[in-house]
Amino acid sequence: MEEKITDYTNDYPKWDKSMKSTHKILVPNMLPWHFLIIQELLKMEGYDIEVLTNDSRNVIDEGLKHVHNDTCYPCLCVVGQYIDALKSGKYDLEHTALMITQTGGGCRASNYLPLVRKAVKIDFPNVPVVSLNFSGLEKESSFNVGAKLFLKLAFAIIYGDTMMWCYNQTKPYEAEKGSADSARDEILDYVLAKFKKGGYAKYKKICRYIIERFAQVKRTGEKKIKVGIVGEIYVKYSYLANNNLEKFLISEGCEPVVPTLFDFILFMVVNYVNEHEMYGHHKKSGFIYKLVYRILHKMQRNVKKLFEKQGAFMPIHEMEHLRKCADRIINQGAKMGEGWLIPAEIASFCETGVPNIICAQPFGCLPNHIVGKGTIRTLKNIYPDSNIVAVDYDPSATKVNQENRIKLMLATARDKLNL
Amino acid sequence: MTNLMGIDVGSTTVKVSVIDENRKIIYKSYVRHFARVKETVLNELKNLRKKFGGDYSVSITGSAGLGLSQRSGLNFVQEVQAAFIAIRKYYPDADAAVELGGEDAKIIFITGGTEQRMNGSCAGGTGAFIDQMATLLNISVTEMDEYALKSRKTYPIASRCGVFAKSDVQPLINQGASKEDIAASIFQAVVDQTVSGLAQGRRIKGKVLFLGGPLHFLKALRKAFVTTLNLTEDNAVFPEDAPCFMSIGAALGSVGVNSENIDEIISKVESVRESDEIITGEPLFLSKEEYTEFVKRHRATDLKFAEIENYTGDCYLGVDSGSTTTKLMLITPDCRILYSHYQSNNGQPLDVIISKLKEIYALGGNRIKIRASAVTGYGEDLIKSALKADFGIVETVAHFKAALHFNPKVDFIIDIGGQDIKCFKIKNGAIDSIMLNEACSSGCGSFIQTFARAMGIEIDKFSQEGLYAKHPVELGSRCTVFMNSAVKQAQKEGAGVDDISAGLSSSIVKNAIYKVIRASSADELGENIVVQGGTFLNDAVLRSFEKETGKQVIRPGIAGLMGAFGAALYAMENISGESTTLGPEELEKFNYASKSANCRGCTSNCNINIISFGDGRKYVSGNKCERGAGLPAASSEMDIFTYKQARLSESVKGVKGKRGKAGLPLQLIMYEQLPLWAGFFESIGFEVVLSEKSSRNLYFKGQHTVASDTACYPAKLMHGHIESLLDNGADFIFLPCESYNIDEHCSSNHYNCPVVAYYPELLKANNERLNDDNFIMPYLDLNMRSNAVKRLYSVFAKYGVRKREIAKGLEEGFARLEAYHTDIKNKAEEILKKAAAENKQVIILAGRPYHLDSEINHGINKLLTSLGLAVLSEDSIFDKTEKVKVNVLNQWTYHARLYRAADFASKHENVNLVQLVSFGCGLDAITSDEVRSILEKNGKLYTQIKIDEINNLGVVKIRLRSLLAAIEETKKRII
């Protein structure tokens, strides 16, 4: 007997493959350089992609109007950015689609998509919202990523990460103003050319180039406070959400240290492996996850080796080390949101000479109660020199409030360094 | 060496200190800046020039000093750092310091690992909070201090944020609790907030310094801190210089800063210009003419008056006893105003009303005859029984009645009062949906008042100033605590009082439209809008509303008296027979006395207030159930909550175990899985020890280990449950981490929420009494049964339990869980049948399993039964209906139940759903909209009740009664 189901779903415009040739796809911004590479990469695949860069106050206002008061800040920013863009008149509303990622995890983030859909539908009934996910969600309106494109994306992320990692260690120290930025622009052209003309898969060669090019930028060698930024993924990276935190830190005479996006990708893959091993989930696909992990992890390790060999910069973190760090603080079963990755990154920072840390999170972020604020005491016990501040981001939280807290952390850091 | 100078610019005050070459403090000053930061600092500097002149190394510190420093180029020292420097200099043996400022609270731990903490962005418990509370009590802060010193008891008051505390204080005022006790309770709340919100798991002990203005000036606050922290006289240090301590620290922090002449310092500060960083909106009125036109348009809807001095005939009395104000209205049968009165109730609504009624009788003499009277508002019950009024009606009904008088086609009413925002949509001549502000977004009238007072301006003048502001500041539309800091920022940027006043008006309006009503555009509101409530008498607010909605609305001249007017109309329409209202003679003899006591009706020991009237009648308030009022309790046989509570505790059979005692904390996931784990442990040879029953006291017991104070109340209560088990001799405490709940096959995944899933991690990390031996928190997926056996075996093997026993134990556990579920589902069936037979309305009180806890639901189930309703829970009926497909990602087990419960309510005529939502529950931001949409698609009303540690059943009661009134209306329409 077929089960009866009451359907309460509202009709919404769906994405189908044929739209590839007719629709422009808008993507919210998170990491400017990573997303720029991805944008160009997808264009080469035949998708008309545009990463949004609108960041006026109206973005937040539209967000406030269109999502529930208690919904977390990243969702509000993303919805606001979409609505603001669609209202700008720049896009043909009959031929525009929106794309958003879904992890399928147990926190609210996987529900951004239905919330975006709900918010957009009111004024823009013909704009489909597409899901980009690897968990089989939203089968009716999702973006098909094959193995090849997946790998390409992985490469794009690695290059974006390497650029970001080097840039943050160069920019605060550049002897000649603007030289770090011009190095970055040059590298960007180089990387894009590799995607265009082939050779993008030679990641060791490309990363070596990136590192060496940044190493050529003349640095002053002064001593600055290194500040690690961890936290909820969107707030941690997006300048729209975190009031341009990296820039603020640089203006305060610090070196921002931002963990790579690849850490987060590996974190998600590891979680599948962990659940396979802990609970016996993914009986059939477990070995595939393991294999994917092994491949990706090897790439990360190789990039780390490049850093070590070249020697100019502090090397990136590496997943097995992060997992060991996590084990001292929290069980790797705590996987929702950024889960155990947050304390792992903090610990890893403490061990690599970055004891000053900002844990950036949306106000009221559920997983962060536990994996962020909840682990600070344990971390302090293990790393007595650590200097951690948790900062909440919210549409109405004022900059002055956030900066004041960060300044307190910096004052402590300066005290310890006797700067 | 030159002199050192420190300037501390806080949110409300400016402090300046000078230290000479011998490191002696030679000058200090402390003044309020009333938002005029630059002028005040300049003034102080000029005083200093007159007194000393000369050169200084200068640093600025303080929350509002950052901008000043950036723009003047003067050195900045972060304020906690400044305090730290001063402490090391003057009190090298201190162990910790507590500093309360205008809007900040800080703790510095000095020994045992230096740590400096500031309050998060959502935390009251500061000077501004105390000011706000004093305004609410209508006394000065100094008076509040004096009152508090004479207190006899304290009431629990939510301390997390000002808005919450207000919701706690207001009912106390309305119930007639003494000012002394309320004042002391407020100070205690500040202490609790500091201890839990800031210390977060670290105990404040040893020699403690108390710094900042409030702690210097308020003796009662000092006393509360010393008592709570259990400090000896030697260990509690209140420095002479406490208010100026940060400025002294900043001065000390200026060592090494280039010294400058005072003239140069002054010119640097003078050169500071407004920055363009603040966002501003359009002016409310461009010209005087525009304003005059506006006033004229609104005058048109004023009522006519009749002179009570020479009127002869019948009249009708309406009383609206609101949260901060009391309103009375006496009308003639043709709706002319004979008498009206609007005043702040000063915490004594009854006194106000009695004296005004006496005045009415004096003015009207024998010529007037009150034919009927009705009372509405927070104080309805008390006033009704005092006056022997004929009717008591729900506020929403009263407001609707009144609005109809002004526009029979009205389809939307918004009322912004002192404490609350109420909006209702009208469809087919009946209230269709009601929206009230949740405790968190109440940027209401009293908020502007508090602000005006903080700026040292009368409220009327304050709002007048806003009318012609050229650049109203954009202040955001969220809770008042956030607005406080937004105002702080605007002040920092140099916005004037007029711009702030206009900005606040617009914030209140946006808050109402986008947050309370949750309209995505102003068009959703309706065509015929009536606005009312005292706050709308403020023309700046009214104008902001019209600008934001783009509509011309009706604001009756009696906007602040609509409740009373509606009550009077109601009385007129519904009276039959003689009125029972107290006449002039009875009124002369009227007197009353109030006293507070503890109810002994049950183990809850509610704080109650007994008011005895002169004629021997009694009125009891503060009680959660009928017992407190000395009445027999409503029968619980139609209440599944009571039933569930009993069945749940019965699932522990009480078997003595040969292997020891397992402690189970009854909170969060244990409210769902207790039968399972009780069965498991009793089967494998452990005696089950349950944690104490939840209570406010239990919460306080674990408060010092709470790591994130914005987590939901159930989670924060868990800390107390852990403490209770640690004290009760359990061998270990068991609390599993479960990413996945049990799959009930009606959702695409079956997650727990992150808090339920991983809270054990937080508990263990933040309670020093817990370790690997006494706290067992395995990661489990109970859907993978044999895997779960394996994982549990690896944990309990050390107690000699064999794998076979574990498997059997789990089997027993699952059997008990299933029996429990079947049992409550059968009971639900029975209640439904009975309700149908007796023609009773059924309410599904839907939330999470842990909302069963009466400390969390505050006895709302009993309130419902006392209103004559039958009560079901979401888990008792969800599988009596079909599965549902919803718009959002349906991936949490508990939430899937909610959607189906909503479907069930939709398909049964006499069933309605009320959703309980814990404050801070991020997931319910998603579920609540979806549940609402399911209900509304089926023509049902949606009611949401936000619950937290506050216990304010008064508001809940208004909501529920409004719901009932609306259901009644709907029924009438169908007939």
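1. B:Y699 is buried, at a relative accessible area of 3% (buried is under 20%, exposed over 50% and partly exposed in between, with a 1.4 Å probe and protein chains only). A quick caveat: this is a predicted model, where local features need pLDDT of at least 70 and side-chain atom pairs pLDDT 80 or more, while totals for chains, interfaces and linings use all residues. Side-chain values rest on heavy atoms, without hydrogens or water, and residues are numbered from 1 along each chain.

2. There are 43 aromatic pairs over all chains (Phe, Tyr or six-membered Trp rings with centres within 6.5 Å; planes under 30 degrees apart are stacked, over 60 edge-to-face, the rest tilted). Take B:F285 and B:F294: with centres 5.0 Å apart and planes at 65 degrees, they are edge-to-face. B:F285 is buried at 2%, and B:F294 is buried at 2% too. B:Y699 pairs with B:F700 in a tilted arrangement, 5.7 Å centre to centre and 35 degrees between planes; B:F700 is partly exposed at 28%.

3. The charged end of A:K20 sits over the ring of A:Y47, 4.6 Å from its centre, and that of A:R117 over A:Y12, at 3.8 Å.

4. A backbone point: most residues other than glycine have a negative phi. A:N244, however, has a positive phi near 55 degrees and is partly exposed at 32%. B:R23 also has a positive phi, near 60 degrees, and is partly exposed at 23%.

Technical notes
Chains are lettered from A and ligands numbered from 1 in the order in which they are written. A charge sits over a ring if NZ of Lys or CZ of Arg is within 6 Å of the ring centre and within 35 degrees of the ring normal.
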